[in-house]
Amino acid sequence: MAHNFKSHKLYLTLFTVLFAGINVDFSVAKENTQDTITMRDVIALPLTPSVHDWTFAECVDWASANNVDIRRNLLDILQAEQDALSADDAWLPTVGFSTSHNYANYPFHDSSRNGNTYSSSYGVNAAWTAWEGNVRKYRQANARRVLQRSHIEGEELERALKLSILQGYMNILYAREAVEIARQTLEVSESQAHRAQRLTESGRSSRVDYAQIESQKAQDAYNLVQAQNNLESSRLALRNILQLGLGYDFDISSVNFPDSDVLAAVPSKEDTYSLAMAWLPSFKSNEITREILADEVKIAKAGYLPTISVNGGLGTGYTTGGASWASQMGRSFGPNIGLSLSVPIFDGNATKRAVAKAKLSELEYDLNKRTLIDELTQIIDGLYIDASNAQAGYKAGLSRLEAASLTNELTTRQFELGLVNPLELLTAHNNYINARLEVLQCKYTAILALKTIQFYCDGTITMPEGG
């Protein structure tokens, strides 16, 4: 009886040591905690937006909360969290209960053997891998990194979404001002047509001259319709980015950009490039991928290392023909414990091939980084070219617009006095319209390029008051 007690005590002591070791391993892995995400965040229905003119910040907030791709990323994060928990659980032992019941019949038996024999066994068994080349440790760290990368991929989706919204927002603002220019131009054309009609009726101008003015009025009316359609198309494009649906009457708030915004100083290209590399989620994600791939090599190399496992259990049993059930169950009850060592000798080069493939996969980091750098360089170079050309075009356009405005005003007065023909009037008229549209295009091209450069520098997009 004393011997059994000592065996039980030894058995419990060993399991206590095992569980203590498990707790130490768990404490190593609790890093990089993130905000809690639930299934409600993934499947929650979008709120019905209030009817008003949307600011840029409201567009970004709405899209961040309701975009399908961002919600799909939340689902990826939840799955990565489960993978991380599974990696934690790999440190736990497996415990199970087993029982077996057997019945045997002996047709030819004698007095020393029962014709029917029943036997049963009951056991609680546990197993735990004590060491396997630190595979669990590497997989645990990788699971945490994959979870962190899933969060960063969500940041990358939001980054791309912000730039798409900025592009769509600027397109609407540009189209809205283009409509206003077309409307004002049509009003002038109608006034000129009315004046030409009176000159024709008084005999101071021919019907051919009047027909030319009427033709220009019709063209300006068509230009207004076209500008209005472009505005509706721009609204539809941004509405689709926000995934508001066709039934929502969408419009944005007005934003007035002063000349200081259009002609703002541009930071150096080198500064923009270095700042962008420091914060862009795609670069962070690639760095995490490098760490994951490095651990994959270590996991593959663990195939060369031995594995140490601990197993133990508590069991008892009963067989008919002997002592009573209670007596046999008590006497047969006892613990068992064992230690196994598995040493790989030759596995058909499976580990060798796994290590080689893992090392090849590790090269993916360098290729991805080169691709990211090339793409960022092209984007930033393009932005600086757009900003420089647009700012120069805006300055030159303002001078041409002033000259075209004075010429148009003078030519209109001369036409009213019968000093110029309709062709000269229409030429001055069209030059003035083109100058206004050129300035408008340069204005929004410059603003879009500058806002995007600002975003690559610090990750923010600011709008003037009321925008």
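Predicted model: local features only at pLDDT ≥ 70, side-chain atom pairs only at ≥ 80, totals over all residues.
**View 1. Thr129 stands opposite Ser309 in strand S3.** Residues are numbered from 1 along each chain as its sequence is written, and side-chain values use heavy atoms, leaving out hydrogens and water. S2 and S3 pair in the antiparallel sense over twelve bridges. Strands pair here if DSSP finds at least two bridges between them; strands (E, at least two residues) and helices (H or I, at least four) are DSSP runs, numbered from the N terminus.

**View 2. The open sheet has the order S1-S2-S3-S4, with antiparallel pairing.** Its edge strands, S1 (94-105) and S4 (334-342), each pair on one side only. From one strand to the next, the twist averages 25° (axes are lines fitted to C-alpha atoms, for helices over the stretch in contact, and angles run from 0 to 180 degrees between N-to-C directions).

**View 3. Twelve bridges join S1 to S2.** Look for Tyr103, whose bridge partner in S2 is Tyr118.

**View 4. Nine bridges link S3 (residues 307-319) with S4 in the antiparallel sense.** Here Asn311 stands opposite Gly338 in S4.

**View 5. Helix H10 (residues 325-332) lies across S2 (116-131), S3 and S4.** The helix runs at about 160° to S3. Contact means heavy atoms within 4.5 Å.
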